[in-house]
Amino acid sequence: MITNVGAFLQLAVIASAIKLLLVPTYRSTDFEVHRNWLAITHSLPISKWYIEETSEWTLDYPPFFAWFEWVLSQIARFVDPAMLVVENLEHASGRTVLFQRLSVTVTDVVLLTAAYALARDLSSDDCSSPLSGEGKSKIKKLQGPRLQAGGVAEEITVAPTTTSHVASSGRGHGNSSIHSDSTGSDMRRSIALFFLLSCHAGLLLVDHVHFQYNGVMIGLLLWSLYAARRGRHLLSGLLFAALLNLKHLFLYAAPVYFVYLLRHYCCEGTVLGPACAEAGSGARSPAGQGSGKGSSSERGGYGLGRVVVRLALLGAGVLAIFGVSFGPFIIMQQMPQVLGRLFPFGRGLLHAYWAANAWAPYAAADKLLSAAIPRVAPRLGLDLDKLGLQIQPGAANMAGGLVGVSRFSVLPQVSPAATALAVLLTLMPCLAALWAGDGRPGYIRRSIVRAVSYSFLSGFVFGYHVHEKAVLVALLPLVVDAVRTPSAAHRFLLLATAGNYGLLPLIFRPQEYGTKILVFLSYFVVSMVALGSIHPEMQLDSRGTGVAGDSAASHTLLSPSEMQNTTSPLNPSLKRRAARSPMKGAAVFGRMTKLYLAGFLAVELYVSIVHEAVPALRRRLPFVPLMLTSVYCSIGVLTVWVDMVTEWVREASMGWRKRQKH
């Protein structure tokens, strides 16, 4: 267990100091949005919260967030009462700006405490426990008679978290050397996790420059994941239910939570959900995860009464939370008005700033076709009216950055139902794997964070009217896995680069250009150094077949799953090299990935210099900078998504085959 609180406190102070330095920077219209919500919740009765339309920035978050604004307004009235007047549109006095900026910084304590809890839990998982699941059993095997002269077992594969410890222990150091190395490694992991969460570049730019309250909500999500990892499944579910009533964006993870809670809380150890442990192993995962032998009735699978009790308890808790949130509006018969605010499907598939998801290249193709077809059709003798194509002048300007309803000119329209179906279909492998498990203790402890991160990424990639800022809810949970396995670290680095760069157009003033680039690059470099230093498996000899070598894997843009598999000590060609400098430890990408990352420099040069320097480009192609940014970032996002869905398909297949054998 990590006890060095001082290191985490220092990082928390550094993170808070950075946020304070950003107080005078640019603030978007979201600043006025939240000021207006402060005024609405403070000055008007609850019956008018979702009806008030004095400002165009009407209240469109769930009721718990409205009450969050109400709590802030009780303090705001002592700072500047004028900010709480609904009619004071665009009010931004010095006191108002300072209060709202500080309110974001102070409420980030939810994120900081959740990051600290996860950091301590991670150290408990990997050091004091001493190891969970696969790593635990394999350490025992490595200490047995199969240990060869080189310190490598004959017939087993070592988990990434244990490989470096075993390889460095050599032949004669024994358990004390392994424990010493493990303690230092786990401390680095915990510190890296806390930094990557508390100083996340995207969160700094969106919350503390652009202005939003994502930190407090993502912090609550992390607390829910912490509870799940600790085996407190009911608490995890209730925290997630409360989160849904703060911001409905988190609804994308609802199917994952439903299957997780039904299978691993309600049905665990019954005929509906046999225990997630190898039969007869008697192993128990940390913090009560899974069930080893259990009682005879549980082993027989007949604890259906417990299923009913737990299902009733969970259902009652969730209904109580939603009842407190929406109950007043149901009584006032305002639910249609509230739901209309929460789900404005009339806004169209795309936000004004394209999110870097699957619809970015789709929209780009439509824009290119709408620009090319009117020029090509007359030469081919085609009548656009007969073809049913009505391309309006300026249709290619949809990515100009203005908020409004967007429609495609050439390609078919994509309905909300189609995007919802796409998200559900992409979640199926993950849901199947969660239900099947892998037959080993602690499955939820190892997999829940990855599952939730994947669900948010799927929602971001295929969701309807997704904002570019939504990538944050997929990115931050992925940090927990990134410090544990090299494959997750590889995913995180690429997704963080593409996702964070896709946020830069939100901050468009020249005054903040240096600030946003500095924040983006600093986080990228520190992340590479931190993750590279705690994953020696990534540092492969140039003659090997890993990401640093010359194999086929290194010629693909991303293959983190394959990279993780190639780190097995069974492959003698994969020799680890000692990292004599932090930057050597940061070299974790293959050739194509490096070329892709270098491409961001070319994109930035065009967007910031070339396009602005050529008046003809600005006049005739105003949509190109945002389109180029979104499409290029979507390449990295989609690559990570493809790798994750492939892993879930493989995991689901293996899990169900194992269930059939038992």
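**View 1. The largest nonpolar core has 168 residues.** Those with the most contacts inside this core are Leu-193, Phe-250, Ile-448, Val-452, Leu-457, Phe-492 and Leu-531. A nonpolar core joins buried Ala, Val, Leu, Ile, Met, Phe, Trp, Tyr and Cys residues through side-chain atoms within 4.5 Å. Buried means under 20% relative accessible area (1.4 Å probe, protein chains only). The model is predicted: local features need pLDDT of at least 70, side-chain atom pairs count only at pLDDT 80 or more, and totals for chains, interfaces and linings use all residues. Residues are numbered from 1 along each chain as its sequence is written, and side-chain values use heavy atoms, without hydrogens and water.

**View 2. Val-452 and its contacts.** Neighbours within four places in sequence aside, Val-452 contacts Leu-221, Leu-225, Ala-253, Val-256 and Tyr-257. Contact means heavy atoms within 4.5 Å.

**View 3. Helix 17 bends by about 40° at Met-428.** Pro-429 follows within four residues. The bend is the angle between axes fitted to the seven residues ending at a residue and the seven starting there. Helices are DSSP runs (H or I, at least four residues), numbered from the N terminus. Buried residues of helix 17 include Thr-419, Val-423, Leu-427, Pro-429 and Leu-434. The buried residues pack against helix 12 (254–266), helix 16 (359–380), helix 18 and helix 26 (624–661).

**View 4. Gly-437 lies in the loop between helix 17 (416–436) and helix 18 (443–462).** Its phi is positive, near 70°. Gly-437 counts as buried because its relative accessibility is 1%. Beyond residues up to four places away in sequence, Gly-437 touches Tyr-443 and Gly-655.

Notes: Helix = DSSP H or I, 4+ residues; strand = E, 2+ residues; numbered from the N terminus. Buried < 20%, exposed > 50% of the residue type's maximum accessible area, 1.4 Å probe, protein only.
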